[in-house]
Amino acid sequence: AKERGRSRVETFSLTLQHNATKRAQMDVALRFALDRDELSLCYQPKVSLIDGSVLGFELLLRWRSEEYGDIPPSEFIPIAESSGIIIPIGLWVLEQACWQLNRWQSEAGDRNHLTVAVNVSMRQLMQPSFLSDVAEILARTGIAASSLELEVTETSAMANPAQTAETMAALKTLGIRLALDDFGTGYSSLAYLQSLPIDVLKIDKTFVSHLGKQQNDDAIVRLIIALAKTLHLEIVAEGVENKAQMHELQKLGCLIGQGHYFSPPMKQHEAEKLLRANRQF
Ligand code: C2E
Ligand code: CA
Ligand code: CA
Ligand code: CA
């Protein structure tokens with residue numbers, strides 16, 4: 001039994017070592033990813049649950065590595081965060097988003113209200129130059145600040161509550177919009193929420209996935225929507241996968257949704273085609 005115990009420990013530490021090595025290798029590969037054009041963005045529409053129109057897009061990062069193939073963001077974002085390479089990558093994402101919006105805004109008048117949402121990691125947000133970087137990108141691309149939305153997860157905000165609130169307040173002076181992402185998973189208090197200058201709550205997809213089932217567990221979603229209304233926040237449901245969930249959300253008074261039911265994240269040219277066709281979901 002002792003023997004076996006030890007070999008299990010060895011296997012375990014070998015796995016850890018293997019993971020550490022793999023992370024280190026990926027970290028190196030990530031450093032070259034931008035220059036090698038291995039990063040790209042896909043677009044997921046945000047849809048009005050009232051009339052099915054496209055209100056905007058969330059931009060999601062993709063990495064096709066020459067050595068490792070397609071790596072999902074859930075794997076490479078944490079690596080990029082711990083090495084700090086997320087900072088130049090994040091600025092690149094932001095710049096891409098703003099240029100895209102610039103093209104859309106100059107193309108057609110009635111698309112001026114279109115918004116683009118970008119995910120921002122805590123590491124980026126806490127960067128002292130972040131505010132001036134965002135201001136500079138806004139100036140350079142000439143887009144209306146109010147059509148740019150930055151998404152920060154509730155969990156990461158809670159890891160650094162005071163500093164997050166301070167940085168967010170500074171960002172709000174630029175006129176951009178702020179969203180609290182994956183809401184409901186981070187246990188923030190009502191008082192803390194009220195101290196954040198946010199515009200949007202995004203209901204985490206785990207709660208949305210419970211909607212419309214036989215044992216319809218909608219209490220949390222109901223609560224989040226009530227909270228958002230009290231605080232005059234916009235509410236977006238993420239991970240809407242079927243009609244039943246959409247109907248539940250409509251019944252509960254959620255006005256905006258995102259998810260595979262409408263569309264998975266799509267390539268840029270597909271997003272443009274969608275806009276040109278002025279498609280209603
Ligand atoms: P997130 O911001 O919560 O993004 C939503 C995730 O849900 C995306 O995964 C999206 O593809 C997926 N999704 C969309 N609709 C559905 C649906 O109907 N059902 C289900 N099950 N999933 C759906 P993705 O693209 O793999 O991104 C994962 C996470 O990586 C994102 O979660 C975000 O936290 C992070 N991420 C992605 N792009 C960036 C970025 O540019 N910067 C930073 N810092 N983080 C990013
Ligand atoms: Ca997000
Ligand atoms: Ca989310
Ligand atoms: Ca998430």
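This is a predicted model: local features need pLDDT of at least 70, side-chain atom pairs count only at pLDDT 80 or more; totals for chains, interfaces and linings use all residues.

Reader: What does Asp182 bridge?

Author: Asp182 bridges the calcium ion (ligand 4) and the calcium ion (ligand 3). The two ions lie 3.8 Å apart.

Reader: Where is Asp182 placed?

Author: In strand E6, residues 177-183.

Reader: And what follows E6 on the way to helix H8?

Author: A loop that holds Tyr187; helix H8 spans 190-195. Tyr187 is not a glycine, yet its phi is positive, about 55 degrees.

Reader: Is Tyr187 buried or exposed?

Author: Exposed, with a relative accessible area of 74%.

Reader: Switching to Asp37. What is its phi?

Author: Near 60 degrees, positive in a residue other than glycine. Asp37 sits in the loop between helix H1 (2-33) and strand E1 (39-48). Its relative accessible area is 67%, so Asp37 counts as exposed.

Reader: Zooming out. How many helices and strands in the chain?

Author: Twelve helices and nine strands. The radius of gyration is 20 Å, close to the 19 Å from the globule rule for 281 residues, so the chain is as compact as a globular protein of that length.

Reader: What share of the residues is buried?

Author: Buried residues make up 47% of the 281. Of contacts with a separation of 6 or more, 69% join residues 24 or more positions apart.

Methods. Residues are numbered from 1 along each chain as its sequence is written. Chains are lettered from A and ligands numbered from 1 in the order in which they are written. Side-chain values use heavy atoms; hydrogens and water are left out. Donors are N, O and S atoms within 2.8 Å of the metal (3.2 Å for Na, K and Ca); water is not among the atoms, so sites may look incomplete. Helices (H or I, at least four residues) and strands (E, at least two) are DSSP runs, numbered from the N terminus. Buried means under 20% relative accessible area, exposed over 50%, partly exposed in between (1.4 Å probe, protein chains only). The radius of gyration is taken over C-alpha atoms; the globule rule is 2.2 Å times the number of residues to the power 0.38. Contact means heavy atoms within 4.5 Å.
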